[in-house]
Amino acid sequence: MLTRYFDFLFFFLFLGVCFRMYTEQEAKKLGVVGWVKNTSQGTVTGQVQGPEEKVNKMKSWLSKVGSPSSRIDKTNFSNEKEISKLDFSDFNTRY
């Protein structure tokens, strides 16, 4: 099974839209691992790891759906690569 990894960074027009909570819920539903957190610059960042198909679904959700009240201004995906093993055992919100 091909395992993939990517980092993400989101810029929002609206804050306080529970983006981290919805991201964690979607990641757990899809079965990917990693983390999400707010930054001091008012953005949201994180990492996603898992089987390629699931990682691609999460990437699509992050860029096209997000939380119900969010309006994503800009999305950056970086460090996309194949990995040999997962660095995390679940997906969580960091503070």
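Which residue meets Glu26 in a salt bridge through its side chain? The partner is Lys29, with an N to O distance of 3.5 Å. The legends below describe this pair and other close-up views of the structure, which is a predicted model.

**View 1. The salt bridge between Glu26 and Lys29 in helix H1.** The two residues are 3 positions apart in helix H1, about one turn of the helix. Glu26 is buried, with a relative accessible area of 13%, whereas Lys29 is exposed at 64%. Glu26 counts as buried because its value falls under 20%, and Lys29 counts as exposed because its value is over 50%. In general terms, side chains of opposite charge can pair when their charged atoms come close. By the rule applied here, the count for the model comes to 4 salt bridges.

**View 2. The salt bridge between Lys28 and Glu24 in helix H1.** Helix H1 spans residues 19–30, and both partners belong to this helix. Lys28 and Glu24 are 4 residues apart, about one turn of the helix. Their closest N and O atoms lie 2.9 Å apart. Glu24 has a relative accessible area of 19% and is buried, while Lys28, at 48%, is partly exposed.

**View 3. The salt bridge between Glu53 and Lys57 in helix H2.** Helix H2 comprises residues 52–64. Within this helix Glu53 and Lys57 are 4 residues apart, about one turn, and their closest N and O atoms are separated by 3.4 Å. Glu53 is exposed, with a relative accessible area of 56%. Lys57 counts as partly exposed at 44%.

**View 4. The largest nonpolar core.** This core contains 14 residues. Those touching the most other members are Phe6, Phe8, Val32, Val48, Met58 and Leu62. Strand E1 (3–12), helix H1, strand E3 and helix H2 each supply at least two residues of the core. The largest share, 4 residues, comes from H2. Leaving aside residues up to four places away in sequence, Phe6 touches Val48 and Leu62, and its other contacts include Gly46, Gln47, Val55, Lys59 and Phe77. Ser78, Asn79 and Glu80 are also among the residues that Phe6 touches.

View 5. Gln47 counts as buried, at 16% relative accessibility.

**View 6. The pairing of strand E2 with strands E3 and E5.** Strand E2 (residues 33–38) and E3 run antiparallel and are joined by 6 bridges. Together E2 and E3 form a hairpin with 4 residues between them. In the turn, Gly42 has a positive phi of about 85 degrees. E2 also pairs with strand E5 (residues 91–93), here in the parallel sense and over 3 bridges. Gly34 stands opposite Phe91 in E5.

Note on methods: Residues numbered from 1 in each chain as written. Predicted model: local features only at pLDDT ≥ 70, side-chain atom pairs only at ≥ 80, totals over all residues. Heavy atoms only, no water. Buried < 20%, exposed > 50% of the residue type's maximum accessible area, 1.4 Å probe, protein only. Core = buried A, V, L, I, M, F, W, Y, C linked by side-chain atoms within 4.5 Å. Contact = heavy atoms within 4.5 Å. Pairing = 2+ DSSP bridges.
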